[in-house]
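Keep the sequence and the 3D view open while you read.

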Amino acid sequence: MIDYLQNTGKHALLKFKVPHLRLGLVAVSLLTTSVAIQAETPVSSPSRPNILLIMADDLGYSDLSAFGSEINTPNIDALAEQGRILTNFHTAAVCSPTRASLMTGVDHHLAGIGNMGEVVGLNIIQNKPINAPWGKSNTYDFDNIPEGYRGHLSEKTASMPELLSDAGYHTYMVGKWHLAYDIKAPDQDNKIWYRINRQALPFARGFERSFTLINGGGSHFAPSTPPTPLDITMYAEDDRVFSAKMLPKDFYSTEFYTNKLMGYIDASHGDGKPFFAYAAYTAPHWPLQAPQADIDAQKGRYDEGYEAIREKRIARMKSLGLMTTVDHVANESVGPKHWNALSSEEKSIETKSMEIYAAMVSNLDRHIGRLVSHLKDIGEYDNTLIVFMSDNGAEGASAYLPNIPNTAVDNSLENMGKPGSAVAYGPRWAEVSAAPFRLFKGFTGAEGGTSSPLIIKLPGQQESRPMSSARMQVTDILPTFLDAAGVNMPGDRYKGKSIYTPTGASFLSALQQPDAIDQVHSDDTVLADELMGASYLVRGKWKLSQQAPLGNSPVFTKDVPFALYDISKDRGETKDLSAQYPKVLAEMKAAFGEYIRQNHVVEHAASYNGR
């Protein structure tokens, strides 16, 4: 029975004390080489906490009811009620770069994912000036791809599960990995431009047990008949690689991953060792699919359209104290049409798309509730550090559907959300999910691309602590987890090999204080990122942004001006101050040039502006 159907409709956040304050592509051939990895397992102290890391895929900043949404997420809200909401947490603007930095604590360009591997290969294949420096006639072909862009987690890193396993933790993972490609030229046996790198799969990078989607995206149900292009994906359970057609017939991603993870935890429960569990859910990433009962429960909720829902979310965010650094919300981006310009047929499709998306989020919340309840049932909840986050901003692009023989898609209104469908919800609903920020996934220079909801409950914590707008980065998660586990941060060597030294900062001590967290990084700390020609650099209250607007035509990076924002007041990025503060602009641009050099960034001819 669906839990929220019994909900009285009361907003869970009324109990809060308001503070004063190119993606998953087609899969590759099945690989069969078996590799065994033996992890060090010293005896651990029973006082050390378990760690549960929960990641949603493409969830927008305002998609939780704890962050202002109309979508009912009582189980995630409950973590906030016993934990702390962090309102200024940043990831990379797309999935695999975020995951690389999360697992290693280093910039994703050094961690092996300077760009999504699929996109690197596609740029080489296309071989056009706009793809430069990728392509045989440009700079980099398949035989000389730079080290940081080869599509898999770099061997010059120490991963989070490796470090925790060495320290005596059980390590478990379910869900999306997206860190194990080799970018190779297509040949007679492999028609696509990437292969699976087995030595970069979770089992080879420190996870004791794992069940993962290898690709960047795929259907949430078992393959339909005929399959869609998004059914042609690959999975791995430990060292066994297999195609999606081998999934159980009743597979639904969120439920299946939850069951698997609970099974992994139970298998070794009681042996005195703590666990690190990584639940990398694939919801609500497209294709938008959910059990029919979850979809039906959302019927009619989005009939008012984009603008009305966005304004209501922003009003709730203000009432919850989430807007302390947003004097003005971002202007509309805007997608193809305003709501009142749509035909009745278009409105039906758009409404149904958002109903399915909301169903996926509600379903995700319910299964997270099952996972948390299970920890309580086995007596592990009170000794578990729990973190909830998204991997990037909301996805405004359409579902990627390559032309694969013998596949078909049924996106009729009646079939939307069911097996055999493959829809996304588009830029206007993504703009709602990103509220109150500018743009969404992929747009590195905009807050909506990199701002993620972050909720953390410490072991033993029973009541909420004041939310914080202190700036935090995805690279800060690894040092925080190691700090909680009593594990030293690695330097520049690990198990006899040179590695990139993690650069993040632990914020465990800040989380432990009862008051609001004012700051994690000092005002002179440089925080920056680049992806596909779009970029930002933050130092103190200033943000340098180079970001092309949403558009259909390619934009050259050299033609995109740098903007300067005071994000202590204007996270909506509504007022460019570059002309008013030319000295600050020059200093920030010089710092960005140094970031490019230190992290071996390959600069792109084109700046990402959507697809």
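**Strands, helices and rings**

Strand 1 and strand 9 run parallel and are joined by five bridges. Helices (H or I, at least four residues) and strands (E, at least two) are DSSP runs, numbered from the N terminus. This is a predicted model: local features need pLDDT of at least 70, side-chain atom pairs count only at pLDDT 80 or more, and totals for chains, interfaces and linings use all residues. Residues are numbered from 1 along each chain as its sequence is written, and side-chain values use heavy atoms, with hydrogens and water left out.

Q: Which residue of strand 9 does I54 stand opposite?
A: Strand 1 and strand 9 are joined by bridges. Two strands pair if DSSP finds at least two bridges between them. In strand 9, the residue opposite I54 is A279.

Q: Which strands stand at the edges of the sheet?
A: Ten strands form an open sheet with mixed pairing, in the order 8-7-6-3-9-1-10-11-2-12. An edge strand here has a single partner strand, so one side is left without a neighbour in the sheet. The edges are strand 8 (240-243) and strand 12 (472-473).

Q: What span is expected for helix 5 at 1.5 Å a residue?
A: Helix 5 covers residues 253-267, which makes 15 residues. The expected span is 1.5 Å times one less than the number of residues. The helix reaches 21 Å from its first C-alpha to its last, close to the expected 21 Å.

Q: At about what angle does helix 5 run to strand 3?
A: Helix 5 lies across strand 1, strand 3, strand 6, strand 7 and strand 9. Axes are lines fitted to C-alpha atoms, for helices over the stretch in contact (heavy atoms within 4.5 Å). Angles run from 0 to 180 degrees between N-to-C directions. For helix 5 and strand 3, the angle is about 170 degrees.

Q: Is S154 buried or exposed?
A: S154 sits in the loop between helix 3 (117-126) and helix 4 (160-166). Leaving aside neighbours within four places in sequence, S154 is in contact with L110, A111, G112 and R205. Buried means under 20% relative accessible area, exposed over 50%, partly exposed in between (1.4 Å probe, protein chains only). The relative accessible area of S154 is 5%, so S154 is buried.

Q: With which side chain does the side chain of D107 make a polar contact?
A: D107 lies in the loop between helix 2 (95-104) and helix 3, and counts as buried at 11% relative accessibility. A polar contact is a pair of N or O atoms within 3.5 Å; within protein, one must be able to donate a hydrogen and the other to accept it, and residues adjacent in sequence count only if both atoms are side-chain atoms. At 2.6 Å, the partner of D107 is H109.

Q: Why is the pair of F440 and F443 edge-to-face?
A: Rings of Phe, Tyr and Trp (its six-membered ring) pair if their centres lie within 6.5 Å; planes under 30 degrees apart count as stacked, over 60 as edge-to-face and the rest as tilted. By this rule the count comes to 30 aromatic pairs. Y181 and Y194 have ring centres 4.4 Å apart and planes at 45 degrees, so that pair is tilted. The rings of F440 and F443 have centres 5.5 Å apart, and the pair is edge-to-face because the planes stand at 85 degrees.
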